[in-house]
Amino acid sequence: MRTILGEDDRARCAWCEAVDFPLYRRYHDEEWGYPVADETRLFEKLCLEGFQSGLSWRTILAKREAFRAAFAGFDAARVAAFEEADVARLLGDAGIVRHRGKIEATIGNARALRALQDGGRSLAALVWTFEEKPEPPVVRAESSASQALSKQLKKLGFRFVGPTTCYAFMQAMGLVNDHAEGCWARAKAEQARRAFRVPS
């Protein structure tokens, strides 16, 4: 993994400087790799990673606000109540990725999350059991932890949560620190991870 020096003289992960897309840099600097315990943010990211399957994250990031509007702010209780009319509405929404399987999976994932919560558990507590310990970042599409997380989520009824999707989710939500060596944000993300308290 390599870095690129930005015009602000900060070295960053090469992927966020490789294209002229300011949202990428802001996402990298402020979100990617920092630990998250908020249920709504975790649910949103898991669903958006599912929508990304076969596409670029740039496409999804550019449409994120439209996704939030379309899916009721990723409020799991509200999304779980979506019906066929909502699926039809979403299929007609040009602001999002109009893929029936992914739309239906997001609704199904909301129902799976509600079932998990109704059982007295949280998505945060579940996913953080798959945290990876600090180590030098390597280029990889999945890991043994993401494979295990994928298997567990599927067992609970979640869809579009393959090992690669789960690994991208883990990277983004701080369960693994894959900021490149030399990236200014790597130490900041690791400090946040050390101070983070895993939800019970």
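A residue counts as buried when its relative accessible area is under 20%. The structure discussed here is a predicted model.

**Aromatic pairs**

Across the structure there are 11 aromatic pairs. Two of them are set out below.

| Pair | Centre to centre | Angle between planes | Class |
|---|---|---|---|
| Phe51 and Phe67 | 4.7 Å | 55 degrees | tilted |
| Trp128 and Phe196 | 4.4 Å | 35 degrees | tilted |

The pair of Phe51 and Phe67 links distant parts of the chain: Phe51 belongs to helix α3 and Phe67 to helix α5 (residues 64-70), 16 residues apart. Phe51 has a relative accessibility of 0% and therefore counts as buried. Phe67 is likewise buried, with a relative accessible area of 0%.

The pair of Trp128 and Phe196 also joins distant parts of the chain, 68 residues apart. Trp128 sits in the loop between α9 and α10, and Phe196 in the segment after α12 (184-195). Both Trp128 and Phe196 are buried.

**Aromatic cluster and core**

One aromatic cluster is formed by Phe43, Phe51, Phe67, Phe71, Phe74 and Phe82. The largest nonpolar core comprises 60 residues, and Phe67, Phe71, Leu123 and Leu153 have the most contacts inside it. With neighbours within four places in sequence left aside, Phe71 is in contact with Phe51, Val79, Phe82, Leu90, Ile96, Ile103 and Thr106.

Charged side chains also lie over aromatic rings. The charged end of Arg89 sits over the ring of Phe82, at 5.3 Å from its centre. Lys45 lies over the face of Trp57, 3.3 Å from the ring centre.

**Helix α10**

Helix α10 has 12 residues (residues 144-155); at 1.5 Å a residue they should span 16 Å, and the end C-alpha atoms are 17 Å apart, which agrees. Its buried residues are Ala145, Ser146, Leu149, Ser150 and Leu153. These residues cover an arc of only 135 degrees around the axis, so they lie on the same side of α10. An α-helix has 3.6 residues a turn, so residues three or four places apart point the same way.

The buried residues of α10 pack against α3 (39-52), α9 (123-127) and α11 (163-172). Leu153, one of the buried residues of α10, is also among those with the most contacts inside the largest nonpolar core. On the face turned away from the buried side, α10 carries the exposed residues Ser144, Lys151 and Lys155. Just after α10, Gly157 takes a positive phi of about 105 degrees.

Terms used. Residues numbered from 1 in each chain as written. Predicted model: local features only at pLDDT ≥ 70, side-chain atom pairs only at ≥ 80, totals over all residues. Heavy atoms only, no water. Helix = DSSP H or I, 4+ residues; strand = E, 2+ residues; numbered from the N terminus. Expected span 1.5 Å × (residues − 1). Buried < 20%, exposed > 50% of the residue type's maximum accessible area, 1.4 Å probe, protein only. Arc of directions from axis to C-beta. Contact = heavy atoms within 4.5 Å. Core = buried A, V, L, I, M, F, W, Y, C linked by side-chain atoms within 4.5 Å. Phe/Tyr/Trp six-rings, centres within 6.5 Å; stacked < 30°, edge-to-face > 60°. Lys NZ or Arg CZ within 6 Å of the ring centre and 35° of its normal.
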